[in-house]
Amino acid sequence: DTVYDLASLTKPVIALCALKLVQRGVIDLSASAATYVPELEGTPGGDAPLSLLLSHRAGLTPWGGLYRAVPGPHGSAETRAFMLREAATRVDPAPPAQGSVYSDLGYMVAGEALSRASGLSLDQLLAREVTRPLGIERQLFYAAALDINAHDLLLTRVAPTEQCSFRHRLLRGEVHDENAGAFGGIAGHAGLFGTVEAV
């Protein structure tokens with residue numbers, strides 16, 4: 001029954017959401033992210049096809065401390081726009097020969113593209129495409145999308161993640177990844193919580 005911050009296990013679940021949207025004819029994996037997030041046009045991440053973003057082959061850096069420079073409150077439209085733009089412009093300076101660079105930033109961009117294409121927030125998309133059909137919506141979810149009562153209940157079941165040096169407190173029931181936290185807790189690269197059984 002213990003719920004864990006699933007961290008980067010969010011990514012394969014978001015990839016599954018993408019494939020479900022392909023089946024529905026909502027997205028085209030060969031289309032650029034900017035097709036769905038027009039303000040990213042002209043950036044390396046925005047111009048990359050979704051297939052490359054979702055397979056870590058768009059050439060974006062693995063990670064970046066975007067949360068350190070956000071212009072507004074965490075989760076605000078201003079902060080989210082800034083983080084998306086930054087994520088889409090950070091290119092790996094020395095990509096490996098095989099062309100694959102594991103990238104949180106690529107999944108941040110891809111997650112936003114899926115959300116915009118579907119007209120749903122990522123938590124709603126996850127529920128519609130994955131957790132509700134499997135009957136695990138109470139076992140696999142974005143903690144940041146919970147209402148106050150559900151979040152209070154979560155605190156009785158969730159394992160603490162760590163003592164966070166950035167936030168200066170023990171993290172329980174909130175995403176550990178600082179970028180996902182600043183993005184509002186619901187992102188393509190991190191933010192999911194769940195039980196071992198659900199995973």
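Which residue forms a salt bridge with Glu 174? In this predicted model, the partner of Glu 174 is Arg 169, and the closest N and O atoms of the two residues are 2.9 Å apart.

- Strand 1 pairs with strand 5, which covers residues 192-194, in the antiparallel sense over 2 bridges, and Phe 193 in strand 5 is the bridge partner of Asp 5.

**Salt bridges of Glu 129**

- Glu 129 meets Arg 24 in a salt bridge between their side chains, with a distance of 2.5 Å from N to O, and this pair links distant parts of the chain, since Glu 129 belongs to helix 6 and Arg 24 to helix 1 (residues 10-24), 105 residues apart.
- The side chain of Glu 129 also meets that of Arg 128 in a salt bridge, at 2.7 Å from N to O.
- Glu 129 counts as buried because its relative accessible area, 4%, is under 20%, whereas Arg 24 is partly exposed at 49% and Arg 128 is partly exposed at 30%.

**Other salt bridges**

- Both members of the opening pair are partly exposed, with a relative accessibility of 38% for Arg 169 and 25% for Glu 174.
- Salt bridges with shared partners join Glu 39, Arg 80, Glu 112 and Arg 116 into one network.

Note on methods. Residues numbered from 1 in each chain as written. Predicted model: local features only at pLDDT ≥ 70, side-chain atom pairs only at ≥ 80, totals over all residues. Heavy atoms only, no water. Pairing = 2+ DSSP bridges. Helix = DSSP H or I, 4+ residues; strand = E, 2+ residues; numbered from the N terminus. Salt bridge = Lys/Arg side-chain N within 4 Å of Asp/Glu carboxyl O. Buried < 20%, exposed > 50% of the residue type's maximum accessible area, 1.4 Å probe, protein only.
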